[in-house]
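Open the model in your viewer and keep the selection tool at hand. The stops below say what to select and what is there.

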Amino acid sequence: MQFIREKLFSARPLRFLLAASLCTFLFLSNALPAAAVGGSDKGGTTLDEIVKKAEQVVKQEPRSMQEVQAEANKSTNTVQGSANKEKMEQSQDSKSGPAIAEDVNEAVKDMEDADYE
């Protein structure tokens, strides 16, 4: 029994150091949860431009269909413009397959041909 007590008392500084390290880690993880290291602000500036453009459109009179279509034809997305264009799905990247209209027509034909008693 004497041997166990001596080992427990000799481990006391190690336990204190471990507890202090754990408390420090928990404090820092709660105090600084979203600390970004070396992030860029490119996304924020793009979003600011979108918000400014949206505010301008809201303050103006309603636009005609031709104006909206002309704006949409300038880029891939009317709201975002050409932001993240490289991340968007392109027609050449997409899988080739039957159009949705063809799938719907086939489903309707199958429903018409089915015998219901």
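Start by selecting leucine 26, which sits in helix H2 of this predicted model. Is leucine 26 buried, partly exposed or exposed? Its relative accessibility is 43%, between the 20% and 50% cut-offs, so leucine 26 counts as partly exposed.

Where pLDDT is low, the predicted coordinates should not be read in detail.

Move on to helix H5, residues 100-113, and pick out aspartate 113. Aspartate 113 counts as exposed because its relative accessibility is 60%, over the 50% cut-off. Which residues form the negative surface patch? Select Glu102, Asp103, Glu106, Asp110, Glu112 and Asp113 to show it.

Finally, select the whole protein chain. Five helices and zero strands are found in it, and the order from the N terminus is α-α-α-α-α. Of its 117 residues, 3% count as buried. The chain exposes about 11200 Å², with 58% of that supplied by carbon and sulfur atoms. Colour the chain by confidence to end the tour: the mean pLDDT is 75, and 62% of the residues reach 70 or more.

Terms used:
Residues numbered from 1 in each chain as written. Predicted model: local features only at pLDDT ≥ 70, side-chain atom pairs only at ≥ 80, totals over all residues. Heavy atoms only, no water. pLDDT = per-residue confidence, 0-100. Helix = DSSP H or I, 4+ residues; strand = E, 2+ residues; numbered from the N terminus. Buried < 20%, exposed > 50% of the residue type's maximum accessible area, 1.4 Å probe, protein only. Areas by Shrake-Rupley, 256 points an atom, 1.4 Å probe, with all protein chains shown as cover. Patch = residues over 30% accessible without salt bridge, like charges linked within 9 Å, V, L, I, M, F, W, Y side chains within 5 Å. Salt bridge = Lys/Arg side-chain N within 4 Å of Asp/Glu carboxyl O. Lys, Arg positive; Asp, Glu negative; His and termini not counted. Charge placed at Lys NZ, Arg CZ, Asp CG, Glu CD.
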